[in-house]
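Please read them with the structure open.

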Amino acid sequence: MAEAPALQEDIPHAAHPLEPLCAEEIRAAVAIVRDEQNLDGRALFETVELREPDKAVVRGFAPGQDVAREANVVVIDRTAGRSYAGVVSLSTGRISAWRPIEGGQPHVLGEELEEAERLVKADPDFLAGLRKRGIEDVDQVVVEGFGVGDFGAPEESSMRLLRLHLFYVEAPADNPHVRPIEGLVPVIDLNAMTVMRVEDFGVRPIPPDPGHYRADDQPTLRQALARLDITQPDGPDFTVDGHAVSWQNWSFRVSFNQREGLVLHTLGFRDGGRERPVLYRASLSELVVPYAETDGDHYRNHSFDLGEAGIGNCVNSLALGCDCLGEIHYFDTVMADGHGEPIARPNAICMHEEDYGVLWKHSIARSATTEVRRSRRLVVSSFYTVGNYDYGIFWYLYLDGTIEFEAKLTGVLYCGALDDGETPRWGQIVAPNLNAMIHEHYFNIRLDMSVDGDENAVVEVEADLMPTGPDNPYGNAHGVRETVIESEAQGARDIKPELGRYWKVINPSRANRLGGPTGYRLMPGANIKPMHQPGSPFMKRAPFIAHDLWVTAYDADERFAPGDYVNQNPGGPGLPDWAAADRPLADRDVVLWYTMGVLHIPRPEDFPVMPVEYVGFMLKP
Ligand code: NI
């Protein structure tokens, strides 16, 4: 029997309904679940997060009020071979909802990968496979976990599995991902924690270049840059109260969870003394990285970095090195580890101001006057390391009401090994014997809009061209075409750069000073279409990437574009399924789901570490 559930009196009073769970609340939620479900010591906790209250509760909250606190909990009962999702009331100390998870698996936990690594490094078939490749010392082998996906094999739907990919290092601090140990793939039964089999797709040489990128490993360094100081002698312009932030006319809250990482809440703009809501909640919903390589088991490589890895778990503690300059405020996070123990990550979220050049300028030569205003932006960011890849998730707020999302992609390429003289068909050679596989990154951002309130509508806007004729005799006329997206059946939209297409979320019942509806535009940036074929296992699991934008009616339970339990899931229920309900969208609380893709055809210059690539979009008033 586990320890008695903690009572509410033991838990600190939450200062706000959206305050993330504190360590005491995590412990209490875990104790309640262990006690009521009689879990044994092998049970693992995939998720312990705040269950956010209804919007009405959040908006009606007054400081000092009592807040009913609930936690979403996902448990892997390894002994029973089942997983469960539940809701725990921290206020009553009881489980209020509990159900088995069907059709998919919770994501793979770090604790499982560590156990799998210890296990496989004592496995005779694995050791024999290493010897075939000239490796005797298992300490020179680095193990990465990869989801098996769903390719129709019965074991993918009946078992909890993990593939392992292997890399060679001479010393522990080496760069492992540039030296794949090709073709040797252990498959682990995670619930039984046994090596099911070791697949061997054939021996290839270990690429010789160690790809050292750390300063310590360089024979010489370029001349240091001249000093550039960024100081704010009067301190920063923002104020922070717990997780609430105000800066210039902006106000919002930050939070953090294991699956989504950084989340922004209740973002609003003060306009002439009036608080005007813009966005109720903004978060990553999925980040999926499909690969093009067909060799060995690489056809299975498509990672769902939220649904299969829980990107929040991969957050960098910026105490170890921050990429930002200036007067920085850090937010710490607390998350449960796999055993349900709260683990603090100091400095997980970074916030600071940046000078951003010219906001606007105008000169009049006749009167010899020039007016210029500098732009400044507030940056809220966090960095995540998911295996070989490093992602920066950056939100920028500007003085003119613009909101920008930007993802920064860096880290080390995912590579396979090549025979001497072999040319990859679905990759690029970036170092001797090293195949950097072609791949894409698709970020889906969930934007729960609230433009001057919840009753919004979404309008598609693009250039309206007119052929030369009686109404356009000189061929210059072109106007604006606006189309209201009436229901979810029309809610799957695509960018059209040649017509400057964008979408605006309007409030039809709020007028600007000219009488038109107030609104925010979603301005797309660079983007790509899916590269995997329709009907392929990957596209069945990530059908949301088939369109750049989806608009749905708000439902608090619809958080993740590919669905809730993505690991080993054949697909859904997720975005296309929700939109099939064809709910009306005019004068409704609407959610935008915008997908940005990056096609990554690697360059030799991306080895051994990739200079940052950027992708993003803007929301403009
Ligand atoms: Ni890439």
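1. In what sense do E1 and strand E2 pair, and over how many bridges? E1 and strand E2 (residues 70–77) are antiparallel, with 6 bridges; strands (E, at least two residues) and helices (H or I, at least four) are DSSP runs numbered from the N terminus, and two strands pair if DSSP finds at least two bridges between them. Leucine 50 has alanine 71 of E2 opposite.

2. On the basis of these notes: this is a predicted model, in which local features need pLDDT of at least 70 and side-chain atom pairs count only at pLDDT 80 or more, while totals for chains, interfaces and linings use all residues. Residues are numbered from 1 along each chain as its sequence is written, and side-chain values use heavy atoms, with hydrogens and water left out.

3. E1 and E2 belong to an open sheet of 4 strands, in the order E1-E2-E3-E4 with antiparallel pairing. Strand E1 (44–50) and strand E4 (94–100) are the edges, each pairing on one side only.

4. The nickel ion is coordinated at 1.8 to 2.0 Å by Tyr389 (OH), His439 (NE2), His441 (NE2) and His600 (ND1). Donors are N, O and S atoms within 2.8 Å of the metal (3.2 Å for Na, K and Ca), and sites may look incomplete because water is not among the atoms. Along the chain the donor spacing is Y-x49-H-x1-H-x158-H. Histidine 439 in strand E23 (residues 439–449) and histidine 600 in strand E30 (residues 590–600) are 161 residues apart, so this pair links distant parts of the chain.6. Why is the nickel arrangement irregular? The 4 donor atoms subtend angles of 96 to 141°, whereas four donors count as tetrahedral if all angles lie between 85 and 135 degrees; four count as square planar and six as octahedral if opposite donors are over 155 degrees apart and all others between 65 and 115, and anything else is irregular. Histidine 439 is buried at a relative accessible area of 0%, and histidine 600 is buried at 6% (buried is under 20%, exposed over 50%, partly exposed in between; 1.4 Å probe, protein chains only).
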